[in-house]
Amino acid sequence: MERRAVLTGGAVAGMGMLIGEQAAAATPRGPKGPLRVRIVMFDGVEEQDFIAPQEVFSLAGWYSEREIDTGYMVLGEPRVITAAFGTRVTVDRGWRPEQADLIIVPGGGRPGEPGIWAEINNGALPRALAAARRPRLTISSLCTGAIILAAAGLVTGRPCTTHTVAKKELASRGGVVKNARVVDDGDLVTAAGITSGLDLALYLIKRELNADVAVKVEEALEYQARGTIWTR
């Protein structure tokens with residue numbers, strides 16, 4: 001909260017003026033309708049995994065000609081989830097994958113605890129993700145979220161990546177693992193370890209919107225996308 005207060009307060013007035021001027025200069029919204037981004041939430045999800053893409057896409061909305069509708073989505077009805085380090089998040093959207101253009105699946109959790117393994121063992125989330133596939137929907141993951149996609153049968157025989165410690169598991173479940181920060185296989189985009197959520201979101205902004213928006217977001221975050229992007 002302290003960092004957010006500083007960003008929105010007078011201590012960085014110069015940055016605030018820059019952001020405000022750039023946002024005000026944006027061209028009116030485009031005719032395509034909003035880019036609808038949904039980040040899947042579940043108990044035990046890693047905080048950085050869901051916060052990074054949420055912030056990156058939200059910032060992108062300040063600079064994009066096309067509106068960006070970013071939010072969390074949980075299987076079943078809206079509820080409060082408890083993340084890996086105890087953060088409680090109210091998720092106000094239930095499972096509506098038909099209302100998404102991009103679905104992002106984070107990782108988090110260890111065997112015997114809430115997180116990806118509990119979701120895989122339960123089976124409901126992998127089944128829901130498998131059923132969500134349709135034309136013009138991109139399903140993506142970061143960190144060990146790729147293992148959930150593997151359990152859904154979405155990475156079989158396809159290039160993908162995940163956290164370093166989970167690459168062997170991903171390969172054993174049928175993924176063609178690439179040692180890259182982000183792997184783009186069309187309607188399947190996966191990213192590596194925890195902080196790669198920043199790089200995944202910046203890459204998707206560049207792909208779905210344009211590079212200028214991605215650069216402006218990088219400037220606002222004072223972060224430059226890093227690592228290799230694998231594409232066909």
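I searched for aromatic pairs and found one in the structure. The model is a predicted one.

Which rings form the pair, and how are they set? They belong to F50 and Y72, with centres 5.5 Å apart and planes at 90°, so I logged the pair as edge-to-face. The cut-off for that class is over 60 degrees between planes.

I then placed the two residues. F50 sits in helix α3, residues 47-63, and Y72 in strand β2, residues 68-74. The pair therefore ties together parts that are 22 residues apart in sequence.

Next I looked at α3 itself. How many of its residues are buried? I got 13 of 17, so α3 is largely enclosed by the rest of the structure.

At 1.5 Å a residue, its 17 residues should span 24 Å. The C-alpha atoms at its ends lie 25 Å apart, which agrees.

Then I turned to the packing of α3 with helix α9, residues 211-221. Their axes are 9 Å apart, at an angle of about 115°. I noted the crossing of α3 past α9 as right-handed.

Which residues meet there? From α3 I listed E55, V56, L59, A60 and Y63. From α9 I listed V213, K216, V217, A220 and L221. I sorted the residues of this contact by type: eight are nonpolar, two are charged and none is polar.

Conventions. Residues are numbered from 1 along each chain as its sequence is written. This is a predicted model: local features need pLDDT of at least 70, side-chain atom pairs count only at pLDDT 80 or more; totals for chains, interfaces and linings use all residues. Side-chain values use heavy atoms; hydrogens and water are left out. Rings of Phe, Tyr and Trp (its six-membered ring) pair if their centres lie within 6.5 Å; planes under 30 degrees apart count as stacked, over 60 as edge-to-face and the rest as tilted. Helices (H or I, at least four residues) and strands (E, at least two) are DSSP runs, numbered from the N terminus. Axes are lines fitted to C-alpha atoms, for helices over the stretch in contact, and angles run from 0 to 180 degrees between N-to-C directions. A crossing is left-handed if the near helix is turned anticlockwise from the far one by less than a right angle, and right-handed if clockwise. Contact means heavy atoms within 4.5 Å. Ala, Val, Leu, Ile, Met, Phe, Trp, Tyr, Cys and Pro count as nonpolar, Asp, Glu, Lys and Arg as charged, and the others, Gly among them, as polar. The expected span of a helix is 1.5 Å times one less than its number of residues. Buried means under 20% relative accessible area, exposed over 50%, partly exposed in between (1.4 Å probe, protein chains only).
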